[in-house]
Amino acid sequence: MLTWLILIPVLGAAVVALLPRRRTELVLPVGIAVSLIPVGLAGVLFFQFETGEAGFQFLQQATWYEPLGISYRVGVDGISLGLLVLTAVLVPISLAASTSIDRRLKEFVVYILLLEAGLFGVFVALDLFLFFVFFEAILVPMYFIIGIWGGERRIYAAVKFFLYTAVGSALMLAAIIALAVIHANQTGVPSFAFADLLALDLSPTVQRWLFAAFGLAFAIKVPVFPLHTWLPDAHVEAPTAGSVLLAGVLLKLGTYGFLRFNLTLFPQATVDLVTVLAVLAVIGIIYGALVAIVQPDLKKLVAYSSVSHLGFIVLGTFALTSGGLQGGVIQMINHGLTTGALFLLVGMIYERRHTKKIADFGGLAKVMPVYAGFFLFMAFASIGLPGLNGFIGEFLVLVGSFATLPVYAIIAAFGVILAAIYLLWAYERVFTGVPDKPENQRLVDLSGREIALLAPLVVLILVLGLYPKVLLDKVAPSTEAILDRIEQTTDFQVPEPGRLADVFVAEGGGE
Amino acid sequence: MIFPEVSWAAIAPEIALVAGAVAILMVDVQWKPHTRVLGGIVALAVVSAAVLSVGQWLRLDTPGDITTPFGGMIAFDRISVLARFVLLAVAAMGVAGGWRLFERLGRRAAEALALVLLATVGFSFMASSIHLVMIFLGLEVGSISLYVLAGITRERTESDEAAMKYFLLGSFASAVFIYGVALTFAGTGRLALLGQRAFLDANILTRPAVLLIGLALVIVGLGFKVSAVPFHTWAPDVYQGAPAGVVGFMAAGAKIGGFAALTRILFTAFPSMTDEWSSVVAAIAAVSIAVGVVLALVQDDVRRMLAYSGVAHAGFILTGVVAGATATTGIWFYLAVYTVQLVAGFAIVAAVTGSAGSRSDLGAFAGLATRSPFLAGAFTVALLGMAGIPLTSGFVAKFGVFVSAWQAGFEWLVIVAVLASVIAFGVYLRVIVVMYMREPGDDAPAIPTVAARWMLVAATVVTILFGVLPQPLLDLARNAFSV
């Protein structure tokens, strides 16, 4: 089943590539149709997933290259499940939002579908070699998407994106090789299987080095301050679909990687280095928000808001409490939904006005009330208004990190306020007042198609905001297992209120 | 008088190739046929050599099976056969990819095609010799053929210049190599590699200086052939000056022959001195990788770029060499997949900028994706393969040598290599950017010949196939030797 999830977009890409050259009008519908199949599959996965199980489910494995211990192993647990669904949902939406792509459409759809396959692959891979293959292979389609269909400085942005992320993953490759060699030294045979590598006995020094190598790769992806400079460029230059997937899913590779590999493979190093990551996360939260406030460009504003929001996820992850970890996972999904939606909205206005400058707008609420309504809704979700999804994630992260990192949690809380400032101030400048610019007075409100694109996101945001239990119940066992592992392998004990939070979450959740 | 043991079976494929070369020259003199007929003879010679090699492979039952006929000159083992397969593939691809050049050469096509076959024979002997003199003979047969090929379009001064440069520096390297051979003879009293090994196993050298200097010179001489730093300076000029139609074969053939000989000498004769040579080789590898990628980054000519990237690749392969014989699988996998990408790359360069021309400005590739999506796609796959992006054979190849080097304790070298790979991404991305993201100039569409087209399809399929499912080729390489 998971293999099909990866294969269907690839096969779909092949089908799209083989469509006759003259029938360009078929390309997009076929692409969307193909990308709807994974939505169904992901839905089936979500509901068949055994709630309350901490381990991996839907396991599949096959040997790939035996002498080196490389195998094809895939599986899903509570952490990756939500991300799979998120990916599956965002791809058809971003494809359907790409009607304005007027040249080389076929290639575009092919790259998006290949990207989707790679993303599924990363989230289900349970062999580090396989994980690395997907992690790195994703760069290629994204590079083309930014470089061919991007804005003015697209080539600069695409190359920067590629090289930046490749630097990190290069050292991770060395670390993966090191793990396999250590496995060979300890057991006699090399292995890249995640489960085998968990059993390794690593000295604290080795753990720190490997943690650093993995951490650098993920920190660049997230991106953690001060490694974030590729992100605004990539986001601003990418076409809408690219931005949506970049913000919605690609950034989560970093936070997912931290959670999946750093915390479990190198628990001692994690405990030792918590402060470093927490400091960087908090700087990211505040810095990202402050920079977002002063952005004159709507898309850049959303991009910097990602730096801030992703900081929350990292903080939650390294809080090493139930609330922090669960909040981090939930926030990954939330951020994917809300920021994806915000990028869609920015793309829609850009298609109409061909500008993203905040100063060029004003009073749009009068001209485009529906658009304004959606924007406000997404902004509130992003700020974390109670009842919407962002609240649950940020609240859990803050509660969770208060138990172990109280000072950081307090500072981070200001990030929530700053988020309200930059988003609402941007809303005020774009939507309120009188539409005094003539170009703005004739803008058409959202079409049915555009509303249909946003509707599923609105539904998911409301579901997660009002009844997060549906996801939290699946996430909690897996994150608890990570904490158990850290407590067993190190001297670190999660302080009492930290582990209490899960009781509170499992019962209350949505307030 | 003692007659050495003769085993025609051991050299049958080479005989087929020589026969092909001779036949081409004879037929050409006698009937002055169309170039296509000569191409047919090349194909016949290559295919029969391949079939004979398959026969050899099957006759050698186990990986470690080795006999040394001709008085211990020739090694009849699976490594030789494997190396020959790679060489034959490269020769066939080279001829197919540069076919337009051979057609244009007219009367000189016969010479050129015969030289390709003879170069193949020479490098093949380099791989299958187990005696230093025989290795030298193979090296010279191969190299001299290449010197002439580099200057085959003699009416063009760039081509002459390239040939002259290649010849002078190449002869110098050969001299260094043979001097090194002489010193190893002075150190061990033997020229046969197995004899040298036996000598080193049986004796402890109290003053190994002569032998070490000899070994160093041997490494230098072969380092020139594979264009490792600091013996790489000829490569960019020769790659740029020689006619595009043959550069791919030249570069690939020399690399395969050089590495075949280097690994044979180091792994067969001097495993007992691994500690001495591995650190030297590691240093050369690190410098080659670093210098190769950095200089490749600043080239504006695609051929010079490929030349410097070839320097880096020599470094990557040497990264495997430092690990010793256990890395043989990885080294051969790397050589096989890299040379295929290299030949494919030059076939595309030839198709885009002219098979006889000498310059290949990056600008000529602008907008190739719209002018000729097929060529752009094939080049992209080849470049991504050279960059070592996952799901291409290049990634598996790099991964293999990195694992070997790490296991051998050269962690620092692996870290240098992975970081340099990132810079190398930049090198290849530049070309992809130009092909996909720049508007085409008014250049005419580039149309490859039918032969080149099929060759490129094959190269693309191989690059992706062995990236996704590397097991068959790795098994083949693994079955070729025993540790």
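**Reading a predicted two-chain model**

Modeller: Start with B:Ala96. Beyond its neighbours within four places in sequence, B:Ala96 is in contact with B:Ala451, B:Ala452, B:Trp454 and B:Met455. This is a predicted model.

Biologist: Where does B:Ala96 sit?

Modeller: B:Ala96 is part of helix α4 of chain B, residues 78-97.

Biologist: Why does B:Ala96 count as buried?

Modeller: The cut-off for buried is 20 or more other C-beta atoms within 10 Å. B:Ala96 has 24 C-beta neighbours inside 10 Å, so B:Ala96 counts as buried.

Biologist: How many residues apart are A:Arg23 and A:Tyr304 in sequence, and how far apart are they in space?

Modeller: They are 281 residues apart in sequence. From C-alpha to C-alpha, the distance is 40 Å.

Biologist: Now the strands. What makes β1 and β2 of chain A a pair?

Modeller: Pairing needs at least two bridges. Strand β1 (residues 57-65) of chain A and strand β2 (residues 70-76) of chain A have six, so they pair; the sense is antiparallel.

Biologist: Which residues face each other there?

Modeller: A:Gln57 stands opposite A:Val76 in β2(A). A:Thr63 has A:Ser71 as its bridge partner.

Biologist: What lies between the strands?

Modeller: Four residues, and β1(A) and β2(A) form a hairpin. In the turn, A:Gly69 has a positive phi of about 70 degrees.

Biologist: What makes phi of A:Phe58 worth a note?

Modeller: Phi is near 55 degrees, a positive value, and A:Phe58 is not a glycine. A:Phe58 lies in strand β1 of chain A.

Biologist: What about B:Leu391: buried or exposed?

Modeller: B:Leu391 is buried, because it has 21 C-beta neighbours inside 10 Å and the cut-off is 20. B:Leu391 also has a positive phi, about 75 degrees, although it is not a glycine. Its place is in the loop between α17 (373-387) and α18 of chain B.

Biologist: How do you know that the bond from A:Val222 to A:Pro223 is cis?

Modeller: Its omega is near -5 degrees. A cis peptide bond also joins A:Phe225 and A:Pro226, with omega about 5 degrees. A:Pro223 is in the loop between α9 (204-221) and α10 (230-237) of chain A. A:Pro226 is found in the loop between α9 and α10 of chain A.

Biologist: How many residues does each chain give to the contact between chains A and B?

Modeller: Chain A gives 25 residues and chain B gives 24 residues. On the side of chain A, the elements giving two or more residues are α5 (128-137), α6 (139-149) and α7 (154-187). The largest share comes from α7(A), with 14 residues. The side of chain A has 23 nonpolar, one polar and one charged residues.

Biologist: Which residues have the most contacts inside the largest nonpolar core?

Modeller: A:Ile176, A:Leu315, B:Leu113, B:Val322, B:Val414 and B:Tyr428, in a core of 415 residues. Helix α19 (residues 411-437) of chain B gives the most to this core, 21 residues.

Biologist: What is B:Val322 in contact with, leaving aside its neighbours within four places in sequence?

Modeller: B:Val322 is in contact with B:Ser278, B:Val281, B:Ala282, B:Ala285, B:Ala405, B:Ala408, B:Phe410 and B:Leu413.

Key
Residues are numbered from 1 along each chain as its sequence is written. Chains are lettered from A and ligands numbered from 1 in the order in which they are written. This is a predicted model: local features need pLDDT of at least 70, side-chain atom pairs count only at pLDDT 80 or more; totals for chains, interfaces and linings use all residues. Two residues are in contact if their C-beta atoms, placed from the backbone, lie within 7 Å. Ala, Val, Leu, Ile, Met, Phe, Trp, Tyr, Cys and Pro count as nonpolar, Asp, Glu, Lys and Arg as charged, and the others, Gly among them, as polar. A nonpolar core is a set of buried Ala, Val, Leu, Ile, Met, Phe, Trp, Tyr and Cys residues joined through C-beta atoms within 7 Å. A residue is buried if 20 or more other C-beta atoms lie within 10 Å of its own, exposed if 12 or fewer, and partly exposed in between; C-beta atoms are placed from the backbone.
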